[in-house]
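Here is a short briefing on charged side-chain pairs. Look at the sequence and structure first.

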Amino acid sequence: MASALINVPAKAKLGDIIEIKTLMSHIMEPGYRRTASGETVPRDIITSFTCRFNGTEVFRADLFPAIAANPFITFFTTATGSGKFEFEWIGDKGFAETTSASIVVE
Amino acid sequence: MHDESTRREFFGLAGGAAMLAVTLRPAEATPTMLASAIRNVVGTATVQTGKVKLEIPPLVENGNTVPMTVSVASPMAPEDHVRSIHVFNEKNPQPNIGNFYLGPQAGRAQVSTRIRLADSQKVVAIARLSDGTFWSASVDVVVTLAACTEEVI
């Protein structure tokens, strides 16, 4: 079962630059490894990560097999008001997970 | 006589297996693949060196998880900001690592993640600015334990 860890400050001042840390548990099988019998292990990775604030995209990433297992991504955004950050991960084999975090901006 | 033929067969088979293994091995990204992956992003624009800072430990023990931070010197204002950051490698099975899309609302052009490196190699980060220019930084990394192509047990 996939699970996400998100770190968003609960409170910020208007105009503050805040750091957002995200971690999604996922094997990120690169598709180049082989079993002892020589069969290729099929690729199974997260291909896309998006962060939206109150519905507007603030950060997006395309991921490739060269991203380590359990993708950990941190980035910055400006606190423009109170609201909700939504995080979405999409990947191979129909993988799709979302989570959200709220912030209070004073 | 019988022994001899078995021996010959064995070597024949072993040779065949080795050939097969060589052909089946995933192609390693080459400097040419790196260059064409970069071309796909930048098009015909020239890539200048500077503005971008790529932080990776120069000596990595485990290529399966290598911390990486890319930052770009930019005011991140609506008229002058970083639009995207693209990270490439030279010797993994494929040349792309990640594309990160930012905007002026980011406030700070900095992204961190953990990457895989299949060999000691060069890692390149390229930033696309709002004025259409491209800036880059590269780092040579020595990897002790390679990632990506090891056998699954």
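This is a predicted model: local features need pLDDT of at least 70, side-chain atom pairs count only at pLDDT 80 or more; totals for chains, interfaces and linings use all residues.

Residues are numbered from 1 along each chain as written, chains are lettered from A and ligands numbered from 1 in written order, and side-chain values use heavy atoms, without hydrogens and water.

**Count and rule**
- A salt bridge here is a side-chain nitrogen of Lys or Arg within 4 Å of a carboxyl oxygen of Asp or Glu.
- That rule gives six salt bridges over all chains.

**Links across the sequence**
- Glu106(A) and Lys11(A) pair in a salt bridge, 3.8 Å from N to O.
- Glu106(A) sits in the segment after β9 (96-105) and Lys11(A) in strand β2 (residues 11-12), so the pair ties together parts 95 residues apart in sequence.
- Strands are DSSP runs of E, at least two residues, numbered from the N terminus.
- Both Glu106(A) and Lys11(A) are exposed (over 50% relative accessible area; buried is under 20%, partly exposed in between; 1.4 Å probe, protein chains only).
- Glu88(A) bridges to Arg52(A), with the closest N and O atoms 3.3 Å apart.
- Glu88(A) is in strand β8 (residues 83-91) and Arg52(A) in strand β5 (residues 46-53), so this pair ties together parts 36 residues apart in sequence.
- Glu88(A) is partly exposed at 22% relative accessibility, and Arg52(A) is partly exposed at 27%.

**A network**
- Arg60(A) forms a salt bridge with Glu57(A), closest N and O atoms 3.3 Å apart.
- Salt bridges link Glu57(A), Arg60(A) and Asp62(A) in a network.
- Arg60(A) is partly exposed at 27%, as is Glu57(A) at 39%.

Methods: Helices (H or I, at least four residues) and strands (E, at least two) are DSSP runs, numbered from the N terminus.
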